[in-house]
Amino acid sequence: MCKGLINNRFIKAIDTILERENMLTKGVLSQNLGISQQKFTEILKGRMNVGADLLASLITSYPDISADWLLTGSGSMTRSNVASVPSDETPDELPNSTVSVLLKHIDDLNRENERLTIELNKYRPSSAIGDQP
């Protein structure tokens, strides 16, 4: 699962939502999705990867956006047979296929986070007691 492709599909879904809901701004949409406007902008500009929590928020808030398409590129972006969920309600359950894809994405992100933490620690000064003369 390529993060860049998921990011591109996420951006395309956001553009579609903004086009069809004329009065909706990026700022309001970022609030609806529970993310800061600054982080949302970074994701939309491709400088930051979208996280599993934001993907889940998008498909929960906009159930007509296909989770399968968003995560794998399979099928159509929108599902016309899905009733809209009011913004103050969430569905009780996500389809098993969606949950398994999201869990795999979370595992991938956790592994990437661990790798980056190890890499970052290489550049941090050592503060071990034995390092001092």
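This is a predicted model: local features need pLDDT of at least 70, side-chain atom pairs count only at pLDDT 80 or more; totals for chains, interfaces and linings use all residues.
View 1. A pocket here is an open set of points on a 1 Å grid over the protein atoms alone, where a 1.4 Å probe fits, with protein on both sides within 12 Å along at least five of seven lines. Grid points are joined across faces, edges and corners, and the volume is the space filled by probe spheres set on them. For the largest pocket that comes to about 290 Å³. Its lining (residues with an atom within 4 Å of a point) counts 15 residues, with K39, N49, V50, G51 and L109 nearest the centre. Helix 6 (96–123) is among the helices that give at least two lining residues each, alongside helix 3 and helix 4 (52–61); helix 6 gives the largest share, four.

**View 2. Helix 1 meets helix 3**. Helices are DSSP runs of H or I, at least four residues, numbered from the N terminus. Helix 1 (residues 3–20) packs on helix 3 (residues 37–44) at about 115 degrees, with axes 9 Å apart; axes are lines fitted to C-alpha atoms over the stretch in contact, and angles run from 0 to 180 degrees between N-to-C directions. That makes the two helices roughly perpendicular (65 to 115 degrees). Look for F10, I11 and I14 in helix 1 against F40, I43 and L44 in helix 3, where contact means heavy atoms within 4.5 Å.

**View 3. The one aromatic pair**. Ring centres of F10 and F40 lie 6.5 Å apart with planes at 85 degrees, so the pair is edge-to-face (centres within 6.5 Å, planes over 60 degrees apart).

**Notes.** Residues are numbered from 1 along each chain as its sequence is written. Local features need pLDDT of at least 70 and side-chain atom pairs 80 or more, while totals for chains, interfaces and linings use all residues, and side-chain values use heavy atoms, leaving out hydrogens and water.

Key. Angles under 35 degrees count as roughly parallel, over 145 as roughly antiparallel, 65 to 115 as roughly perpendicular and the rest as oblique. Rings of Phe, Tyr and Trp (its six-membered ring) pair if their centres lie within 6.5 Å; planes under 30 degrees apart count as stacked, over 60 as edge-to-face and the rest as tilted.
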